[in-house]
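The sequence and structure are shown first.

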Amino acid sequence: MTSQEVRAQFLNFFKEKNHKIVPSAPMVMKDDPTLMFTNAGMNQFKEYFLGNSVAKHKRLADTQKCLRVSGKHNDLEEVGKDTYHHTMFEMLGNWSIGDYFKKEAIQWAWELLTEVYKIDKESLYVSIFEGSEDDGLPLDQEAYDLWKAIVPEDRIIKGNKKDNFWEMGDQGPCGPCSEIHVDIRSKAEKAKIPGASLVNQDHPQVVEIWNLVFMQFNRKANGSLEPLPEKHIDTGMGFERLCMVLQGVQSNYDTDVFTPLIREIEIITGHKYGKDEKTDIAIRVIADHVRAVSFSIADGQLPSNTGAGYVIRRILRRAIRYGFTFLDTNQPFIHRLVKVLGEQMGAAFPELKEQKQLIENVIKEEESSFLSTLEQGLVLLDSVIKSAKEKTIDGEKAFELYDTFGFPIDLTSLILEEKGYTLDVQGFNKALKAQKDRSRAASEVSKDDWTVLMTDSEQEFIGYDSLEANVKLVKYRKI
Ligand code: ATP
Ligand code: MG
Ligand code: MG
Ligand code: MG
């Protein structure tokens, strides 16, 4: 089954169950100060869940472009190293806004997976919320009983708050959840260790594919839970993981979502995928990152030095460095993948085709500019490492790399980690702050990336302050 068919079947299934199929929201958020990027399908429906606005349709379904590189859901470090976490991915979802609840959500999920997609029932495991003392919540007996009617009890795993209580961020709608995991190991491997013991253990062949969230609470800024006015269903299924299962392969990168990109990288760089682990990671990172960056640009978010734009720049520079170090690419080439991406994804996401020229130009420009300083920066970093007396590298040096050579701090950390060193992040932050104080004194704060939201006549939202990995929200300032 091609990925196009997988996506279409999901949407058709829920259309037949009276769901309204809606378009994906943009991946870059412009109007939610608690979130920089869409990290789940439910984000665009948050106000319905909170009861702040009324949904025209009570049953909804879509495929949502998500990006998990900052905040509560940040998978950047995993990407490329494992085979099933991406920066940008599609989340297939169905929602009930105060309409159906656990029973239908569970039954339909099972029906779709086993009767439409025909996944072997024996390879599926489900998890339910075991309860949490912190929040005074009990075990989800209702979900347990519903699953017990469908699957043998030894396939139902009780999970903790980390895995089975879903939260959008530090604040916002949340609730207990029940997840579906699939064991794609060979028969022989399955015979050695039971799949149940590998669920939620970061095993690359026993992976979570679908999360059914029973939205019942709002997490408030002070950490307490308040019940929502109504109960809702919010589900999210990883599209690329589902394709992996249905196409009978062992990695998301071996599905037709990624293989055209990987083939193109092989042709351009002359490096074959599947020959060497380091090269493979680099190829996966680039195939992944070009999607994140292209979709962001198509959504109107260009790489820049602040806010969401800086996150995008960081991702792209990370990809450029992986190419340079492991695939010997010293000329811009990532922009050449945009055409392939458009051919693969353009039918589902026409913005990729419409914005092709812009995306290519922006990426090429970024590549040229970073490549011009990358080599010198790497030479400097090497000499710093060689002269280092300890395994921790001075933050001031990392700042010089950032300031003069355009090395994002997480890139410097990554390179150091590869060589067995760590970075004095505090020292870096101190140097960065000193520079910011100097420039703040000299000029107005930049707000180019963000819509200015007037809250009252006294205050103005000045946007996010991106201190690299610890992107934090700058509150309102007086004007
Ligand atoms: P995991 O435990 O694998 O990190 P998660 O529990 O963080 O996943 P959810 O927030 O429950 O993920 O998101 C719903 C679904 O989206 C998951 O079941 C999974 O299939 C998919 N998904 C989550 N994160 C990623 C990612 N980084 N790349 C690809 N798919 C993902
Ligand atoms: Mg996760
Ligand atoms: Mg999980
Ligand atoms: Mg989950």
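Helix α9 passes α13 in a right-handed crossing; a crossing is left-handed if the near helix is turned anticlockwise from the far one by less than a right angle, and right-handed if clockwise. The model is a predicted one, in which local features need pLDDT of at least 70 and side-chain atom pairs count only at pLDDT 80 or more, while totals for chains, interfaces and linings use all residues. Residues are numbered from 1 along each chain as its sequence is written, and chains are lettered from A and ligands numbered from 1 in the order in which they are written.

## Overall form

The protein has 16 helices and 18 strands; helices (H or I, at least four residues) and strands (E, at least two) are DSSP runs, numbered from the N terminus. Its radius of gyration is 23 Å, close to the 23 Å that the globule rule gives for 479 residues, so the protein is as compact as a globular protein of that length. The radius is taken over C-alpha atoms, and the rule is 2.2 Å times the number of residues to the power 0.38. Along the principal axes, the C-alpha trace spans about 65 × 60 × 45 Å.

Two packed helices are described by the angle between their axes and the distance between the axes. Axes are lines fitted to C-alpha atoms, for helices over the stretch in contact, and angles run from 0 to 180 degrees between N-to-C directions.

| Helix pair | Angle | Axis distance |
|---|---|---|
| α8 (259-269) and α9 (277-298) | about 120° | 10 Å |
| α9 and α11 (337-345) | roughly 80° | within 10 Å |
| α9 and α13 (356-387) | about 120° | 9 Å |

The angle makes α8 oblique to α9. Angles under 35 degrees count as roughly parallel, over 145 as roughly antiparallel, 65 to 115 as roughly perpendicular and the rest as oblique. The crossing of α8 and α9 is right-handed. From α8, L261, I262 and I265 take part in the contact, and from α9, I283, I286, A287 and V290. Residues are in contact if their C-beta atoms, placed from the backbone, lie within 7 Å. This contact of α8 with α9 has seven nonpolar, no polar and no charged residues. Ala, Val, Leu, Ile, Met, Phe, Trp, Tyr, Cys and Pro count as nonpolar, Asp, Glu, Lys and Arg as charged, and the others, Gly among them, as polar.

V290, R291 and S294 of α9 meet L337, V338 and L341 of α11. By class, these are four nonpolar, one polar and one charged.

Against α13, V293, S294, I297 and A298 of α9 meet L358, I359, V362 and I363. Here the division is seven nonpolar, one polar and no charged.

## The ligand

Ligand 1 is surrounded by 17 residues, the closest being D75, F89, N211, G236 and G238; a residue is near a molecule if its C-beta atom, placed from the backbone, lies within 6 Å of it. β5 (88-96), β10 (206-219), β11 (225-238) and α7 (239-246) each supply at least two residues of this shell. β10 gives the most, with four residues. The shell divides into seven nonpolar, five polar and five charged residues.

Conventions
Two residues are in contact if their C-beta atoms, placed from the backbone, lie within 7 Å.
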